[in-house]
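I opened a new page for this structure. My notes follow the model below.

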Amino acid sequence: MSITFAPATVGGPTVNMANGNAAQVLDLLGLTNDGCGELAAEDFLGRVLLAQALSDVATDDTRGLPARIEGTNWIDCGRRPGYLAERLTQLHEIASWARERNAVVMWS
């Protein structure tokens with residue numbers, strides 16, 4: 001399963017993340033992970049900018065996240081170094097695009 005972030009208008013940039021990665025990004029943005037939501041582009045952009053400014057403090061994204069197996073049916077493939085910073089940059093593009101067009105940013 002995955003969560004896609006996009007402006008609530010046709011033709012804008014989008015980014016799709018696995019649920020676990022999206023949950024971590026939503027946490028960095030100070031948002032709850034209810035599986036879906038929307039926020040005014042200006043508010044979303046502010047949260048992205050704050051997360052980018054604090055990302056070195058809030059996460060240790062330079063090492064990534066190693067793969068691991070938990071139980072017999074669940075595998076976490078990990079996350080490469082720099083993943084969160086890259087996703088925040090993409091969310092910045094989405095929020096900026098949406099703000100220019102007076103659209104909200106949504107995720108589901």
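What share of the contacts in the protein chain between residues at least 6 apart in sequence join residues at least 24 apart? I found 60%. Contact here means heavy atoms within 4.5 Å.

I noted the ground rules next. This is a predicted model, where local features need pLDDT of at least 70, side-chain atom pairs count only at pLDDT 80 or more, and totals for chains, interfaces and linings use all residues. Residues are numbered from 1 along each chain as its sequence is written, and side-chain values use heavy atoms, with hydrogens and water left out.

I then listed the elements. The protein chain holds 3 helices and 6 strands, as DSSP runs (helices H or I, at least four residues; strands E, at least two) numbered from the N terminus. Their order from the N terminus is β-β-α-β-α-β-β-α-β.

I looked up burial. Of the 108 residues in the protein chain, 36% are buried, meaning under 20% relative accessible area with a 1.4 Å probe, protein chains only.

I turned to one helix pair. Helix 1 (residues 19-28) packs against helix 3 (residues 83-100) at about 70°, their axes 11 Å apart. Axes are lines fitted to C-alpha atoms over the stretch in contact, and angles run from 0 to 180 degrees between N-to-C directions. The two helices are therefore roughly perpendicular (65 to 115 degrees). From helix 1, Asn21, Gln24, Val25 and Leu28 make the contact; from helix 3, Tyr83, Leu84, Arg87 and Leu91 do.

Note on methods:
Buried means under 20% relative accessible area, exposed over 50%, partly exposed in between (1.4 Å probe, protein chains only). Angles under 35 degrees count as roughly parallel, over 145 as roughly antiparallel, 65 to 115 as roughly perpendicular and the rest as oblique.
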